[in-house]
Amino acid sequence: MRYKKDWEATKQRFEDYWKGENTGRPLMRVTGVKPGYYPFQIPEEIKSKSLEEKYMDPESVVRRYRYYCETHEFLGESFPNLNADFGPGSLAAYLGSEIEFQDRTVWFHPCVKEWEDYPELKFDPENKWFKKHIGLFEECKKLIGDDFPIAIPDLMENVDVLASLRGSMDLLYDMIEEDNDIVKRVQQVTDCYQQYYDAFYKYAQYEGGSAYTVFQIFGSGKTQKLQCDFSALLSPDYFRTYVLDSLKQATKSLDHVLYHLDGPESIKHMDALMEVEGIDALQWTSGDHGPDGTMEEWDVIYDKARAAGKQLWVKVYTGDLKDWIRNTDRIVKKYGSKGLYLFFNDMPLEWAEELMDYAEKNWCDVKGSF
């Protein structure tokens with residue numbers, strides 16, 4: 001792998017992490033920006049000139065990412081992997097939604113007026129957005145070769161996809177009034193999800209494994225993030241009715257699964273989630289602009305995950321370097337270094353080196369108190 005010196009060791013560290021057997025310090029995503037490039041910005045000459053070029057031009061996508069690699073050092077278990085995403089939830093576009101690209105986000109416009117008038121949700125290799133996306137993957141793969149993996153895109157699953165197709169408020173009313181029909185539609189999403197995943201996996205598989213975008217994870221075989229952000233709007237009973245079985249089915253076709261739990265309103269589903277044997281690790285996001293994953297108030301989440309034998313994925317960003325170290329100290333001392341992944345945003349290289357040095361001296365083989 002280009003740009004990553006200890007890639008073989010990193011792959012093994014991820015394999016051990018998924019089983020909760022990693023030794024030494026926790027896994028750490030630490031990427032340092034080289035001197036003279038922080039804060040990081042893309043030079044004008046290689047910036048995309050349009051939204052279409054930004055998202056859909058393979059040469060532009062690869063060129064911008066190679067510049068990122070050349071100006072950063074991948075420390076710890078961070079590793080280069082290309083994001084060729086059409087935004088979070090692109091499965092909805094393959095099933096009929098229209099995409100609106102914006103500079104910092106992507107919108108999927110509802111397309112279902114009435115479910116009874118909408119065709120079955122199934123794999124469609126001729127869908128225009130799927131053809132554009134898989135074509136982008138194919139061309140990007142040719143350009144990068146074996147330099148680094150291209151990450152699995154953020155397809156999304158279950159009712160999150162239905163919410164994009166129908167609109168969140170309308171979907172809630174549908175669940176109340178047409179529960180059997182929505183259960184059927186969730187199953188259709190579940191049935192075609194793996195077919196779309198496998199289409200991208202053809203290009204994403206890398207040295208016997210795969211990477212997943214956004215959360216910067218790697219694992220042998222099929223590695224993926226699962227989620228249900230819509231669950232914040234659901235009662236525990238509705239979550240079990242509409243979501244839980246879909247998640248259980250999805251995990252059966254995957255080798256390593258990270259579950260993305262988003263927002264305080266979703267914590268009420270932790271008991272149900274921990275029943276899913278195929279979930280290997282839990283990632284917690286406190287919502288837009290909320291405190292990071294090290295805050296003590298989130299321990300109720302980690303306690304349940306650990307009790308269920310799941311690994312932890314914790315994002316650290318509140319405060320500065322001293323705060324990150326202090327807050328992470330608490331997490332490591334309570335939950336131990338095994339089965340723990342710590343994600344840090346890009347930082348100056350000198351900070352990254354200081355952080356790694358501290359981790360090697362203080363966070364190795366910690367048993368934890370939980």
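Start by selecting Glu114, which sits in the loop between β4 (106-109) and α5 (128-144); helices (H or I, at least four residues) and strands (E, at least two) are DSSP runs, numbered from the N terminus. The model is predicted, so local features need pLDDT of at least 70 and side-chain atom pairs count only at pLDDT 80 or more, while totals for chains, interfaces and linings use all residues. Residues are numbered from 1 along each chain as its sequence is written, and side-chain values use heavy atoms, with hydrogens and water left out.

Glu114 counts as partly exposed because its relative accessibility is 39% (buried is under 20% relative accessible area, exposed over 50%, partly exposed in between; 1.4 Å probe, protein chains only).

Patches take residues with over 30% relative accessible area and no salt bridge, joining like charges within 9 Å and nonpolar side chains (Val, Leu, Ile, Met, Phe, Trp, Tyr) within 5 Å. A salt bridge puts a side-chain nitrogen of Lys or Arg within 4 Å of a carboxyl oxygen of Asp or Glu.

Next, select Met169, Tyr173, Ile176 and Tyr238, a nonpolar surface patch with about 430 Å² of accessible area together (Shrake-Rupley method, 1.4 Å probe; for residues, only the protein chains shown count as cover). Helix α7 (residues 168-177) supplies the largest share, three residues. Met169 is in helix α7 and is exposed, at 52% relative accessible area.

Move to Arg104, in the loop between β3 (98-101) and β4. Arg104 is exposed, with a relative accessible area of 79%. Its C-alpha atom is separated by 9.6 Å from that of Gly87, 17 residues apart along the chain.
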